[in-house]
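Work through the exercises below with the sequence and the model side by side. Try each task before reading its solution.

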Amino acid sequence: MSTWRSLFPSRQDYTGLGRTWKRDVMAGLTVGIVALPLALAFGVSSGAGAEAGLITAIVAGLVAAIFGGSHIQVSGPTGAMVVVLLPIVVDHGPGALVVTSVMAGLVVLLAGFLRLGRTISYIPWPVVEGFTMGIGVIIFAQQIPAAVGPPMRSAPPTPWSRLPRRSARPPGPAPS
């Protein structure tokens, strides 16, 4: 039972609140300024839409604020899941995001219970950097169609194409 209680905030977590609340509010505003546009972009790039990114950022922010973490942990939107989510949304629709999110959450909980967080120290830094760069390249490549627009089926209309068409016959009397 004490393990479950350790997951929730206690009174001791708020002992310094009286002297740090101004910095905490400023930090929250700073994170909001950075994280909300980022969450909107991740929602769009994952295929779920900007509103899904916004809702996710708000809910995730509340969960991170309530359950905390450590002072060295960063809680915020991440680009790694975009690479996984876009193909899932394309193949199975937005409804599959719920199942994917629950599965990812269960994997994270299992890793936490097994105390696998320190295993990252055994993975060489170039591998971690390569993984991160690979995700960046994939996200960039997935956004190229959105940046260049849909393929054109015909030339765009010009102001002259909307004018009434005249016959190709030269002016003058009609031939007999």
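**Exercise 1: The chain as a whole**

Of the chain's 176 residues, 13% count as buried (under 20% relative accessible area; over 50% is exposed, and partly exposed lies in between; 1.4 Å probe, protein chains only). This is a predicted model, in which local features need pLDDT of at least 70 and side-chain atom pairs pLDDT 80 or more, while totals for chains, interfaces and linings use all residues. Residues are numbered from 1 along each chain as its sequence is written, and side-chain values use heavy atoms, without hydrogens and water.

Task: state how many helices and strands the chain has.

Solution. Step 1: count the DSSP runs, numbered from the N terminus (helices are H or I, at least four residues; strands are E, at least two). The chain has six helices and zero strands. Step 2: read along the sequence, and the pattern is α-α-α-α-α-α. Step 3: take contacts (heavy atoms within 4.5 Å) between residues at least 6 apart in sequence; 61% of them join residues at least 24 apart.

**Exercise 2: Helix α2**

Task: find where helix α2 bends, and which of its residues are buried.

Solution. Step 1: compare the axes fitted to the seven residues ending at a position and the seven starting there; the angle between them is the bend. Helix α2 (residues 17–45) bends by about 30° at Arg 23. Step 2: list the buried residues of α2, which are Thr 20, Ala 35, Ala 39, Phe 42, Gly 43 and Ser 45. Step 3: look just after α2, where Gly 47 takes a positive phi of about 90°.

**Exercise 3: Thr 100**

Task: decide whether Thr 100 is buried or exposed.

Solution. Step 2: Thr 100 counts as buried because its relative accessibility is 14%. Step 3: set aside neighbours within four places in sequence; Thr 100 is then in contact with Met 81, Leu 85 and Ile 88.

**Exercise 4: Helix α6**

Task: check the span of helix α6, then locate its bend.

Solution. Step 1: the expected span is 1.5 Å times one less than the number of residues. The 24 residues of helix α6 (residues 125–148) should therefore span 34 Å, and its end C-alpha atoms, 35 Å apart, agree with this. Step 2: α6 bends by about 30° at Gln 142, and Pro 145 follows within four residues. Step 3: just after α6, Gly 149 has a positive phi of about 85°. Step 4: Phe 140 also lies in helix α6, and counts as exposed at 59% relative accessibility. Phe 140 and Ser 45 are 95 residues apart in sequence, yet their C-alpha atoms are 9.6 Å apart in space.
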